[in-house]
Amino acid sequence: MGFGQLVFLWTAIIPITVLLYYFFRKKYIEKKISSTMFWETVMKETKVSPYLQYLQRNALFYLQMIALILLMLALLQPYLKSQAIAGEHIIWVVDTSATMLAEDNGESLFDTHKKEMMTLSEQLAGKPLTLITTGEEPTILLRDETNLSVIRSTIERLEVQYEQENLPKMLDFTKSLLKAKETAIYLFTDHVERSELPLENENITWFVNGAPKNLENVSILRFGATASEKGVAALAQLENETATEKKGTLEIRSIENEEILLKESVVIPANDTLSLSFKELPSAEGLKATLQIDDDYKVDNESFVLIQKQSAQTYVDGNLHELVSAAFQAMDIPVSSVPTEQIGDLPNEAVVVTNQTSQLKASESPVLLIGRNDENAKEVNGTITTERDDVFAYADMSDIFVSSLYPPFPEYETLARVADQPFIQRSDKGDLIILSDIQMTDWPLHPSFPLFLWSAREQMATNSEDIGTFSPNERRSLSLVADEEKGEWEVFSNSNEYIKTIQNGGQFSAPSRPGLYVLTSGKSEKQFAVTLEQQEKHIEKGTSFAIGSASQEDIQETVKTSMVPWFLLLIVLLLMIEWEVQRRRGITN
């Protein structure tokens with residue numbers, strides 16, 4: 001304990017003066033009266049409680065002295081020293097992506113961070129705390145909160161949301177909460193590079209709590225399936241991110257009854273991928289792939305896919321590169337090659353793949369436009385970025401090279417870009433447009449090419465029994481008409497567990513946990529799948545560091561907690577006791 005105002009030490013003269021006054025107060029002369037009445041009773045009481053009687057006779061004096069001493073100490077402004085988190089304003093950013101479920105010694109990284117937050121909450125010392133969770137839309141759970149019980153209960157309720165952390169968006173959002181104060185931002189995540197953090201503000205110190213070590217991960221990187229006349233064909237790509245060869249077992253089950261359709265031992269080389277294809281599997285509405293292997297991250301060891309019914313024939317323009325037809329055939333999708341002049345005579349239920357721009361308006365069939373025949377391409381240079389869309393659910397576009405692009409359609413939605421130039425677009429009626437010829441890219445050399453064509457074809461084909469594939473918590477406007485009696489849709493897991501209710505006409509929001517789900521309203525049922533985003537199937541080496549105006553040793557600071565309120569409370573209590581003593585004795589006496 002310390003004192004903030006030693007200058008008020010002179011007030012000690014007040015209780016000393018009162019004490020001296022007590023010694024020199026008027027004294028009464030004791031007189032003996034010759035009466036033995038009650039003598040025996042008085043002697044017994046004196047012998048039994050001499051100290052109590054002394055205190056009773058001098059209670060008012062002691063109470064006044066204690067009150068004066070407490071008042072003197074309060075003027076000295078006493079305080080208690082304690083260790084607290086450095087900074088005037090504290091912000092916690094909590095990563096709720098799926099990779100936070102990676103385990104170290106049987107405990108997930110997310111649970112480890114929650115324990116760290118519980119420990120740090122004890123060191124806030126009344127400082128305001130703002131708590132944010134990451135995601136496509138960062139969420140503020142606490143705003144300048146100082147109540148410790150509220151903070152601890154909020155930490156206990158935190159859950160993994162499985163969606164990508166979207167670090168750049170989170171950092172921009174955090175900037176909007178900054179004040180003109182010394183701010184400490186704690187980032188609870190698995191991995192972040194120092195160069196990714198904004199360091200232009202000198203009032204900010206970043207404390208990054210990452211993964212404790214380099215965790216091992218083996219994942220089902222991609223999993224797709226399609227139905228054909230001979231059965232179901234499936235494609236799986238397994239990735240090993242460790243420095244050692246991994247052995248395990250791959251199981252493929254039917255979602256209807258969990259029947260094992262295939263079980264195969266796999267050996268995945270170190271830091272490499274293994275591609276597997278399976279043909280003529282038994283017919284099923286959907287498949288679940290499970291990789292049984294020893295690693296630290298289990299969430300990406302499962303993958304789900306709905307089997308789309310073949311509701312439309314696929315026709316490929318004869319002018320297109322032959323690799324387009326070969327990619328469809330690699331996914332066991334039967335295609336027919338037709339001359340360009342016969343494209344307009346195809347049936348309405350067909351899926352047309354062509355480069356004839358006029359077909360976007362002339363054809364009533366869904367069109368996959370690859371290139372353009374009415375414009376000239378221009379050179380382009382840059383990396384590919386994609387929007388969140390189920391057409392990219394199994395196709396990673398990041399490592400594709402594109403040399404030239406055709407002009408985009410201004411009125412169409414852009415799904416992928418090369419640098420800042422549109423690369424893939426979607427029309428209002430669902431047509432997909434690739435603004436480059438196949439020979440202008442190295443895309444056919446990548447596994448994502450047939451996977452993209454399969455996903456695009458299945459998305460455009462008519463199928464009313466499912467609504468597609470979603471990423472965790474993805475929001476999408478769907479044309480859903482509920483049953484007249486119920487007026488709403490209910491979401492259930494594949495194991496018949498109730499998830500939530502969606503009002504008729506409301507925006508659809510997918511569940512956070514990956515899996516297969518059923519959307520029901522009366523007798524109507526629609527299936528959909530929730531799958532991890534590709535970024536959530538990779539784990540990088542964890543990092544923990546402090547950067548900014550403070551160093552790792554300056555995480556804590558000494559905080560002075562004033563004791564004056566407690567002293568004042570005791571003084572008020574003593575005054576109340578003095579009043580009671582005076583009342584019992586009689587104020588006039």
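**Aromatic pairs and their surroundings**

Modeller: Phe423 and Trp443 are both buried, a label that means under 20% relative accessible area, with over 50% called exposed and values in between partly exposed (1.4 Å probe, protein chains only). The model is predicted, and local features need pLDDT of at least 70, side-chain atom pairs 80 or more, while totals for chains, interfaces and linings use all residues. Residues are numbered from 1 along each chain as its sequence is written, and side-chain values use heavy atoms, leaving out hydrogens and water.

Biologist: Why is the pair of Phe423 and Trp443 called tilted?

Modeller: Rings of Phe, Tyr and Trp (its six-membered ring) pair if their centres lie within 6.5 Å; planes under 30 degrees apart are stacked, over 60 edge-to-face, and the rest tilted. The centres of Phe423 and Trp443 are 6.0 Å apart and their planes stand at 50 degrees, so the pair is tilted.

Biologist: What makes the pair of Phe508 and Phe528 edge-to-face?

Modeller: Their planes meet at 85 degrees, with ring centres 5.2 Å apart, so this pair is edge-to-face.

Biologist: How do you know that Phe508 is buried?

Modeller: Its relative accessible area is 0%, so Phe508 is buried. Phe528 is likewise buried, with a value of 0%.

Biologist: Why is Val572 called partly exposed?

Modeller: Val572 has a relative accessible area of 45%, and partly exposed is the label in between buried and exposed, so the term applies.

Biologist: Which residues form one aromatic cluster?

Modeller: Phe392, Phe423, Trp443, Phe449 and Phe452 form that cluster.
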